[in-house]
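Biologist: I have this model open and would like to go through a few spots with you. Could you take me through them one at a time?

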Amino acid sequence: MAHHPDHLRYAASHEFVQLDGDTATIGITAHATEELGDVVFVELPTVGKHYDAGQTFGVVESVKAVSDLYMPVAGTVTEVNTALEGNPALVNQDSYTEGWMLKLKVDDPGSVAGLLTKDQYLAGL
């Protein structure tokens, strides 16, 4: 089974959130990358765009499937991981460090607490 860090929060749609102040780093979970297989393309959002929780923010394409990505919390995109444009396989190598997708200025940092803990996420798989 894939490694899922304890300190992160997770969405049932397989995104993770790492909160630092009011900035969230968001990507997909190791479980999602195992299910997808080799990632060949990642479509990321535009910096400055605001998203509501649950809104589609991009697409990840693998050798097996094309999957929508969903925003786990509401906020405004402040940065995207441009390294994924040239090397989408970073998502497979380590989605939590090199393979993160975006940083978000969260509207309400408290909303992150409403996401799943590691144990809750794993129980739902």
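Biologist: How many bridges join strand S2 to S3?
Modeller: There are 6 bridges between S2 (residues 15-20) and S3, and the two strands run antiparallel; strands are DSSP runs of E, at least two residues long, numbered from the N terminus, and two of them pair if DSSP finds at least two bridges. This is a predicted model, where local features need pLDDT of at least 70, side-chain atom pairs count only at pLDDT 80 or more, and totals for chains, interfaces and linings use all residues. Residues are numbered from 1 along each chain as its sequence is written, and side-chain values use heavy atoms, leaving out hydrogens and water.

Biologist: And what lies between S2 and S3?
Modeller: They form a hairpin with 2 residues between them, and Gly21 in the turn has a positive phi of about 70 degrees.

Biologist: Why is S3 largely enclosed?
Modeller: Because 5 of the 6 residues of S3 (residues 23-28) are buried, meaning under 20% relative accessible area with a 1.4 Å probe and protein chains only.

Biologist: Switching to Asn81, is this residue buried or exposed?
Modeller: Asn81 is buried, at 6% relative accessibility, and sits in the loop between strand S8 (75-80) and helix H2 (83-86).

Biologist: Which backbone oxygens lie by its side chain?
Modeller: A polar atom of the Asn81 side chain lies 2.9 Å from the backbone oxygen of Glu98, and one lies 2.8 Å from that of Trp100.

Note on methods: Helix = DSSP H or I, 4+ residues; strand = E, 2+ residues; numbered from the N terminus. Buried < 20%, exposed > 50% of the residue type's maximum accessible area, 1.4 Å probe, protein only. Polar contact = N/O pair within 3.5 Å; in protein donor to acceptor, adjacent residues only side chain to side chain.
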